[in-house]
Amino acid sequence: MTKYSKLNSEEQRKRWANIWFKKLCEFHRREFDPQWQFEAGHVIPFLRARRDAQVPAWKRMKMLEGLMLYRTAFQKRTTDDLLTIKRKMAEIVMVERAQKEGYDSIDDVVGKINPNEPDAIQEFRRGMRRTGMAYATERSYVSKLKAFMAERALNSLADFERIGAHDVEGHLTDLAVDGNVAPSTQNLAFHALLKFFTLVLKREMGKIEAIRANKDSMTPTVLSPGEVAEVFEGLEGLQLVIAKLLYGCGLRISEAHRLRVKDVDFANQQLEIRQSKGGKSRLVPMPDDLLEPLRRFVKSREALHEHDLANGTASVYLPYALSRKYPSAHREFKWQYLFASHRLSTDPKTGRVHRHHVHAGTFPKHLRVAVENAGIQKHVTSHTFRHCFATHLLWSGTDIRQIQQLLGHNDVKTTEIYTHVWNPNEKKVVSPLDRLISTQPAIDQALTDPAEDLKAPWDEDSESGGDGESSVQECVVGYRVRTLGLAS
């Protein structure tokens with residue numbers, strides 16, 4: 001009596017590969033021939049018949065993988081003609097999985113993909129959306145990939161088989177030398193291509209030795225408290241509240257836009273910043289000056305939400321995990337954006353209609369006008385208020401570690417950039433030029449005195465063995481005596 005032993009995984013796969021090959025032969029009414037040269041045209045109708053028999057997609061994928069293994073393990077043939085079928089089956093598996101988890105289609109998982117774009121761009125978008133990258137990052141990366149494809153005359157994903165590290169090196173070098181782009185632009189192109197190689201091509205880019213644009217460390221632009229107040233005078237309503245949030249809480253403009261009703265904690269007088277840069281979250285104190293304005297915005301937002309509920313249009317964007325876990329959350333008031341747009345908009349990924357937050361380009365336009373009206377000649381952006389928040393806290397003696405937590409920096413070295421901004425509260429360093437100008441009257445007076453009068457203090461100092469700390473006048477006397485030959 002033989003003892004039962006379980007086959008290992010590889011033996012199991014080969015066993016099932018043999019089974020599915022026999023099923024394929026039966027489907028096409030052929031006698032079993034281990035060396036039958038079946039092609040993609042034989043596999044497609046076989047899988048369609050299984051689909052019509054209500055066999056799930058994941059199991060049809062196992063059949064296809066078994067047939068591919070049979071080719072390589074038993075017939076010693078390649079599976080190139082079956083790879084396209086496998087990619088399509090993988091998408092079908094995802095669709096069925098999405099429907100099972102509550103989605104309607106693959107578009108709900110990765111968003112709507114424009115079928116008119118090159119297949120390389122479509123696959124790149126799918127890969128980035130599956131990894132949860134921000135839409136703004138996706139848009140930037142796609143633009144850099146399109147520029148690379150245009151320069152190298154690439155039209156499809158198949159053209160990338162001949163692309164390697166030397167092509168990327170040449171592209172990045174051209175950007176730095178001929179394009180004379182900013183270092184951040186070149187770095188963005190590098191990371192976009194690196195992500196494409198990782199997500200789509202599934203291979204290493206290789207070592208890159210391109211000429212890189214040098215990125216100098218820039219001291220942040222900081223307004224004085226008086227200048228901040230002047231800018232505030234040129235803003236009103238929603239734009240003024242957003243500006244005060246940026247300066248009073250150290251928020252990024254995107255964080256202010258994405259504030260939801262539930263993120264405003266009046267009881268503890270703090271704001272909850274969720275899913276910020278790098279997927280991090282933090283708590284920041286709410287300034288007293290913003291308590292009443294934010295309460296008014298919450299009330300007005302509630303009235304708008306009631307209107308949307310009555311019209312059946314109440315909806316807000318939620319990450320897919322949340323929308324699956326809380327199916328009705330998109331209609332709840334607490335999840336709505338605090339600073340909502342006055343009109344409904346379509347999500348570029350899913351095509352669904354939501355009431356999104358205010359447009360990202362609205363506040364910079366109002367800020368630009370306010371800065372011009374204040375007569376400030378510095379380069380002021382939305383992020384300048386975040387710089388002012390950190391710098392002014394440093395000037396007031398706040399510990400840099402605490403500022404690091406409020407800004408959400410991982411490393412205190414990132415926060416230390418604000419220590420390079422000159423602090424007006426510290427002892428002022430007097431320029432040698434100012435010292436010279438302040439003593440100029442004494443010098444002029446000394447130069448106009450007679451030589452014999454100027455000689456006296458010099459002689460007295462030398463005779464009395466002075467302490468060596470000569471006045472400016474004595475220095476001038478010595479200069480005239482030694483250099484101009486005024487000694488008697």
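This is a predicted model: local features need pLDDT of at least 70, side-chain atom pairs count only at pLDDT 80 or more; totals for chains, interfaces and linings use all residues.
**View 1. The salt bridge between Arg71 and Glu39.** The closest N and O atoms of Arg71 and Glu39 are 3.4 Å apart, and the two residues form a salt bridge. Because Arg71 belongs to helix H3 (residues 57-75), while Glu39 sits in the loop between helix H1 (9-27) and helix H2 (40-52), the pair ties together parts that are 32 residues apart in sequence. Arg71 counts as buried, at 1% relative accessibility, whereas Glu39, with a relative accessible area of 34%, is partly exposed.

View 2. Lys262 forms a salt bridge with Asp263, in which the closest N and O atoms are 3.1 Å apart; Lys262 is partly exposed, its relative accessible area being 29%, while Asp263 is buried at 3%. In the salt bridge between Glu272 and Arg274 the closest N and O atoms lie 3.0 Å apart. Here Glu272 has a relative accessible area of 18% and, because buried means under 20%, falls in the buried class, whereas Arg274, at 43% relative accessibility, counts as partly exposed.

**View 3. A network of salt bridges.** Salt bridges link Glu117, Arg125, Arg129, Glu138 and Lys146 in a network. Side chains of opposite charge can pair when their charged atoms come close.

**View 4. The buried residues of helix H10.** Within helix H10 (residues 225-233), the residues Glu227, Val228, Val231 and Phe232 are buried. They lie on the same side of H10, because the arc that they cover around the axis is only 145°. The helices against which the buried residues of H10 pack are H11 (237-249), H15 (362-373) and H16 (382-395).

**View 5. The second largest pocket and its lining.** The volume of the second largest pocket is about 850 Å³. Its lining consists of 20 residues, of which Arg87, Glu123, Arg130, Leu157 and Val200 are the closest to the centre of the pocket. Helix H4 (80-100), helix H6 (119-130) and helix H9 (183-201) are the elements that give two or more residues to this lining, and H4 supplies the largest share, seven residues. Sorted by class, the lining of the second largest pocket holds ten charged, seven nonpolar and three polar residues.

Methods: Residues are numbered from 1 along each chain as its sequence is written. Side-chain values use heavy atoms; hydrogens and water are left out. Buried means under 20% relative accessible area, exposed over 50%, partly exposed in between (1.4 Å probe, protein chains only). Helices (H or I, at least four residues) and strands (E, at least two) are DSSP runs, numbered from the N terminus. The arc is that of the directions from the helix axis to the C-beta atoms. Contact means heavy atoms within 4.5 Å. On a 1 Å grid over the protein atoms alone, a cavity is a set of points where a 1.4 Å probe fits but cannot get out, and a pocket is an open set with protein on both sides within 12 Å along at least five of seven lines; lining residues have an atom within 4 Å of a point. Grid points are joined across faces, edges and corners, and a volume is the space filled by probe spheres set on the points. Ala, Val, Leu, Ile, Met, Phe, Trp, Tyr, Cys and Pro count as nonpolar, Asp, Glu, Lys and Arg as charged, and the others, Gly among them, as polar. A salt bridge is a side-chain nitrogen of Lys or Arg within 4 Å of a carboxyl oxygen of Asp or Glu.
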